[in-house]
Amino acid sequence: MGGFFLVCSGPHEDRQDEVTRLQGAFAELGFASPEMINAEGYVFCAYPKFQSRSVGLKRYPNSDFAFVCGTCLSDGIGLAPAALLYEGAAAIREEVMGHYAAVLKKGGRTEIKLDGFGGYHLFYNLEARIVSSSFYAICSVLPSLTLSQQSACEYVFNGVVSGNETLFGEVKLAPIQARIIVSPHALEIVRPTLSVTRTFTLAKRDASFRESIALLDRYFGAVARSFGDRVRCALSGGYDSRLILAYLRRHGMKPSVYVYGSARERDVLLAQEIARGEDFPLDVIDKDNRPIIPPMQFTDTAHRNFLATDGYGYAGIFHNGAETEESARRVLGDTIAINGGGGEIFRNFFYLLDRGYTIREILWSFYSRFDPATCTAAFDSEGYYRSLERKVINLLGSDDRWLPRPTVEWLYHSFRCRAWDGKVDSIAGRYGFTAMPYLERSITEQASALPLHWKNHGACEAELIRRVDSRLAGYRSSYGHDFSRSPPPSRRLSDYWTYLRPPWLRRYTSRLRHFRRSGDWPGYLALPYREAVLPGGAVILRRLLQIEHVVDHAQYARILSLEYALRQFGNRVSVAF
């Protein structure tokens, strides 16, 4: 339910030390005691979610078992029990939605199967023959860890490490739709060929919209069957959260709704307008409005943040920890927390014209958030791009560097969202049940094939909102207009300023946006906090980055957070730059 690890063990092989250390790491993360299976060929430990006492491990008289980690939803049933996955193992991906890892022993054969989108993150090391739902836990037991220049740069620049890599070369992320076959002497990673969208649909517009609506109806119908009103979702001034609220209302649910921000922020004001008009309560949460933590006490907060992000996360560790508290609060009372990540698949997320692009052009557009002036001579800009290109090629299963426009849409979900939202949801799923309705493989394949001119200026997602809940469509948005009609000329003109900016030029955007900084860093990045958490400051990353020249607040926080992580893993870490 909440987490697990598996350690292979051959005849007469004693792996108790690794098992003990893994158990210790899971305990540090906040997990309760596990349910353990000492099978022939491996040790398996299953953990409950933080807010549950039940592990959810289904055992059978012949020593078979079934366990699911994450959140599984089944059409016609709702929340899918582990037994359903065991009994219908052959058709698991066709029947089950959600993001999960299923560990199944059936007829003497043990396999781990992942969801169709690849949203649940599972880590492994083939040499050590260990699989773990926790990056931190598996790193805690390996004898050596190597930080590459590529992983360091991807994390600092982008907030994630993309593809099937992690911070350390020894720890891999299981591929999308992978099966892991378990034996005493080895883990076999079976990776299927993915279905990549390469052409736009020729279906009629109305038929395509009805199909999109039906696919999301299937998902929200499953949520309604199991959770009823025990649903919590955000509401802002944008498209994705409003479409989620529209679907919840369509299926008769009355969710608990919240908005993040201070009282005068635009998202808060717009959400309050909708809540007043529709007569439902709205929880306004200002995560910055918390008591200031003194520097000497902040060391404990930083370490809790480090564990809460499983070793590394987009925001780093230099913050008040409010998001961790909210992750627990969102799922109180067996509530399911719904995340709107990936909804941009119904819009032109990349703000690119309707033509083909090279992989490098996509990287220039969205993976160039760095300024070479902040790097040392050790940084290899061309190598950085080449490594990301190889990751995209590996995902696509083709050496062709030319991408049809529908494939660019497909990559938004399969490459970008899988890395960003998958990590967030995998960690949030430790607290309780979570949902990312837009990040379903069926949605990826259908929505990435919708013609781009339907999506431009938010028109496609606005129409979905109108068709599902016309009342919600009528409220103002953060885009300066409501969703009850076609986007106004002012919106179209504004968007085209970005559409027409070529990829080669976009790679300089971050450098212009973060041009200079004056004075010390604010808040929990101020000098007293840095000295408390990282005495002596960043040392290792100075080999790669000229830290005093960094002006991006988020990147500076990630530099210090990565340095902290390296210190936590101690002298087992080596640096390949």
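Predicted model: local features only at pLDDT ≥ 70, side-chain atom pairs only at ≥ 80, totals over all residues.
Aromatic rings are another theme here, with 51 aromatic pairs in the structure.

**The largest cavity**
- Its lining is made up of H121, F123, V160, V161, G163, E165, T166, L173, Y312, A419 and K423.
- Sorted by class, that lining comes out as six nonpolar, three polar and two charged residues.
- Two of the lining residues, F123 and Y312, also show up in a cluster linked by ring pairs.

**Strand 8 and its partners**
- Strand 8 covers residues 109-114 and is mostly covered, with five of its six residues buried.
- On one hand, strand 8 pairs with strand 7 (residues 96-106) in the antiparallel sense, over six bridges.
- In that pairing, R109 of strand 8 has K106 standing opposite.
- The two strands make a hairpin with two residues between them, and G107 in the turn takes a positive phi of about 60 degrees.
- Strand 8 also runs antiparallel to strand 13 (residues 179-182), joined to it by four bridges.
- Here T110 is the residue that stands opposite V182 in strand 13.

**Rings around F569**
- Among the 51 aromatic pairs is Y136 with F569: the ring centres are 5.8 Å apart and the planes sit at 40 degrees, so this pair counts as tilted.
- Y136 belongs to helix 4 (residues 135-141), while F569 is in the loop between helix 22 (553-568) and strand 22 (573-576), so the contact ties together parts 433 residues apart in sequence.
- Both partners are out of the way of solvent by the numbers: Y136 is buried at a relative accessible area of 7%, and F569 is buried at 4%.
- F569 also pairs with F306, with ring centres 6.2 Å apart and planes at 65 degrees, so that one is edge-to-face.
- F306 lies in helix 9 (residues 295-308) and F569 in the loop between helix 22 and strand 22, so this pair ties together parts 263 residues apart in sequence.
- Like F569, F306 is buried.
- Zooming out, ring pairs link F123, F135, Y136, Y155, F168, F306, Y312, Y564 and F569 into a cluster.

**Charges over rings**
- K287 puts its charged end over the ring of Y260, 4.1 Å from the ring's centre.
- R507 does likewise with W364, lying over its face at 4.3 Å from the ring centre.

Conventions
Residues numbered from 1 in each chain as written. Heavy atoms only, no water. 1 Å grid on protein atoms, 1.4 Å probe; cavity = no way out; pocket = protein on both sides within 12 Å on 5 of 7 lines; lining within 4 Å. Nonpolar A, V, L, I, M, F, W, Y, C, P; charged D, E, K, R; others polar. Buried < 20%, exposed > 50% of the residue type's maximum accessible area, 1.4 Å probe, protein only. Pairing = 2+ DSSP bridges. Phe/Tyr/Trp six-rings, centres within 6.5 Å; stacked < 30°, edge-to-face > 60°. Lys NZ or Arg CZ within 6 Å of the ring centre and 35° of its normal.
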